[in-house]
Amino acid sequence: MDLLLVRHAIAVERGTMASDAERPLTPEGRARMEEAARGLARLIAPQAILSSPWLRAMQTAEILRETYGLGRVRVCEALASADYDAVIEAAAETDASPVALVGHEPWMGELLAYLVTGDPAGMAVTFKKGGAALARSAGEPRPGGCWLEWLIPPGVLRRVAGERKG
């Protein structure tokens with residue numbers, strides 16, 4: 001099973017909203033993510049999208065949904081916390097592969113470490129806003145049972161979007 005981990009795009013600064021969960025993407029963040037999503041689409045085509053319920057993640061997931069022409073984004077509360085086993089279970093329940101998981105730092109980096117090493121602190125990973133990683137497993141994903149195929153910052157995804165097929 002393939003898991004595409006995506007950190008939300010650039011959002012308004014902390015402290016500008018009553019709740020951190022309510023912070024939306026900035027216009028620049030939205031535009032950059034739309035371009036990065038086009039680059040990501042040249043690399044992988046998820047069949048389902050799970051997102052943290054927080055606004056900036058849901059807006060990022062909607063950009064991916066539109067880019068891939070998929071149905072609704074599924075909310076996964078565990079993507080707004082450190083409940084990595086619940087994230088893995090939710091991804092497996094989709095019966096899809098690849099599954100895109102949209103969330104936040106530090107949890108996305110810790111989730112990737114958990115998938116690859118079995119320990120959220122097992123390797124240092126930092127996702128830039130709008131960055132993505134692909135974790136693969138031979139069967140159902142499990143802690144320590146995946147490998148990292150790639151980790152790509154958003155600037156590279158935007159460059160890939162501009163490349164011509166040939």
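Aspartate 20 touches Arg14, Trp54 and Arg56, leaving aside residues up to four places away in sequence. The model is predicted. Aspartate 20 sits in the loop between strand 1 (2-7) and helix 1 (27-41). The protein has five helices and six strands.

**Around aspartate 20**

- Is aspartate 20 buried, exposed or partly exposed? Its relative accessible area is 29%. Buried requires under 20% and exposed requires over 50%, so aspartate 20 counts as partly exposed.
- The side chains of aspartate 20 and arginine 23 are joined by a polar contact of 2.6 Å.
- Leucine 55 is 35 residues away from aspartate 20 along the chain, yet their C-alpha atoms are separated by 9.0 Å.
- Trp54, one of the residues that aspartate 20 touches, also takes part in an aromatic pair.

**Aromatic pairs**

- The count is two aromatic pairs.
- Tryptophan 54 pairs with tryptophan 107 in an edge-to-face arrangement. The centres are 5.7 Å apart, with 70° between the planes.
- Tryptophan 54 lies in the loop between strand 2 (48-51) and helix 2 (55-68), and tryptophan 107 lies in helix 4 (residues 107-117), so this pair ties together parts that are 53 residues apart in sequence.
- Tyrosine 84 and tyrosine 114 form a tilted pair, because their planes stand at 40° with ring centres 5.7 Å apart.
- Tyrosine 84 belongs to helix 3 (residues 84-93) and tyrosine 114 to helix 4, so the pair links parts that are 30 residues apart in sequence.
- Both tyrosine 84 and tyrosine 114 are buried.

- Six strands make an open sheet with mixed pairing, in the order 3-2-4-1-5-6.
- Which strands stand at the edges? They are strand 3 (74-75) and strand 6 (147-152). Each has a single partner strand, so one side of each has no neighbour in the sheet.
- Strand 1 and strand 4 run parallel and are joined by five bridges. Valine 6 stands opposite valine 102 of strand 4.
- Strand 2 also pairs with strand 4 in the parallel sense, over four bridges. Here serine 51 has valine 102 as its bridge partner.
- Strand 1 pairs with strand 5 (residues 132-136) in the antiparallel sense, over five bridges. Aspartate 2 stands opposite arginine 136 in strand 5.

- How many residues of strand 4 (residues 99-103) are buried? Five of its five residues are, and the strand is mostly covered.
- Val99, Leu101 and Gly103 point one way from strand 4, while Ala100 and Val102 point the other way. All are buried.
- Helix 4 lies across strand 1, strand 4, strand 5 and strand 6. It runs at about 160° to strand 1.

**Overall build**

- Along the sequence, the pattern reads β-α-β-α-β-α-β-α-β-β-α.
- The radius of gyration is 15 Å, close to the 15 Å that the globule rule gives for 166 residues, so the protein is as compact as a globular protein of that length.
- The C-alpha trace spans about 50 × 40 × 30 Å along its principal axes.
- Of the 166 residues, 51% count as buried.
- Among contacts with a separation of 6 or more, 69% come from residues 24 or more positions apart.

Terms used. Residues numbered from 1 in each chain as written. Predicted model: local features only at pLDDT ≥ 70, side-chain atom pairs only at ≥ 80, totals over all residues. Heavy atoms only, no water. Helix = DSSP H or I, 4+ residues; strand = E, 2+ residues; numbered from the N terminus. Buried < 20%, exposed > 50% of the residue type's maximum accessible area, 1.4 Å probe, protein only. Contact = heavy atoms within 4.5 Å. Polar contact = N/O pair within 3.5 Å; in protein donor to acceptor, adjacent residues only side chain to side chain. Phe/Tyr/Trp six-rings, centres within 6.5 Å; stacked < 30°, edge-to-face > 60°. Pairing = 2+ DSSP bridges. Axes fitted to C-alpha atoms, helices over the stretch in contact; angles between N-to-C directions. Rg over C-alpha atoms; globule rule 2.2 N^0.38 Å.
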